[in-house]
Amino acid sequence: MTRPAPRRHSPPGPRRRSPPLALLAALAALLLAAPPARAQQAETTPEAPATTSAGHLVLSLSKARVTIASSFSGDSVVLFGVIEPTAGDGATQTYDVVATVRGPNESFVTWRKERRLGMWVNVDSRSFLAAPSYLAVLSNRPPATMADLGLLRREQAGLAQNRLLQRVGADYADVVPDDPFRQAFLRVKQSQGLYVERTDAVEFIAPRVFQAAIPIPGIAPIGTYTVDVKVFADRALLIDRSVSFEVAKIDFEQAVATAAQQHAWLYGLATALGALAVGFIANLVFRRD
């Protein structure tokens, strides 16, 4: 009697997902994920700015250095500019130019006086921090007719539009243009010839070639002067370029200024001894027997 052979049972394998269901799930995932990705890309990609033909500006100065000697009473530096338009600019396009010349920054204090008990005394003050020691605004016509006030204020095109940082209590700010301390500060600087505004100083000798004379007074501070030139057209800023020159002392004046800055105590001692010597000699010459 024979026994039947035992049957071999293979262990059950893992169940497989049917291909149609997997394909549908993948398509659904793609359809759900695609719109947010496109929306995010549209939000993060900035819009391309509108391009304008600004052209180029070539600047040149008649001299790169103004020297101050003992007989210095003033000088001038001539600014030359050539506007090179790009292709597509109209041949009849007119330009406006504002050249702002700023000297080394310094701090100033403006006082307000009042009459009390028959005397004029200082009752209030305002400090101007990092203000230009020299400021000249030269243009071919009033800057207010070239562009909007907001643009002129942002670009500091015009004497009234230049920012003058003041310390008001514990704060630092640029006050309104008609502030009495600001107006007094401007009057003092203009009376000294250190702040100048001329709306006819820029002369166009050709449609795209201009020149302007920068006045340098006899009391001009020494240091580096920056000339910032802005070209406007159709009430918009087209070009902004800068160039600089230097005002320096030479010979004996430069030696004295250098000694006073680098060796202050020796300079003071020499000045005191010189004054004593001059007094002693004057006593010997003009004494009465």
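User: In β14, which residue is the bridge partner of Ile68?

Analyst: That's Lys249. Quick heads-up: this is a predicted model, where local features need pLDDT of at least 70, side-chain atom pairs count only at pLDDT 80 or more, and totals for chains, interfaces and linings use all residues. Residues are numbered from 1 along each chain as its sequence is written, and side-chain values use heavy atoms, with hydrogens and water left out.

User: How do you know that β2 and β14 count as paired?

Analyst: Pairing takes at least two bridges found by DSSP between two strands. β2 and β14 (residues 236-249) have four, and they run parallel, so the pair qualifies.

User: What makes something a strand here?

Analyst: A strand is a DSSP run of E with at least two residues, numbered from the N terminus. β2 covers 65-68, so that run passes.

User: Why is β11 called an edge strand of its sheet?

Analyst: The open sheet runs β1-β3-β12-β11, with antiparallel pairing. β11 (203-206) and β1 (56-61) each have a single partner strand, so one side of each lacks a neighbour in the sheet. Neighbouring strands there are turned by 25 degrees against each other on average, direction ignored; the axes are lines fitted to C-alpha atoms, and angles between N-to-C directions run from 0 to 180 degrees.
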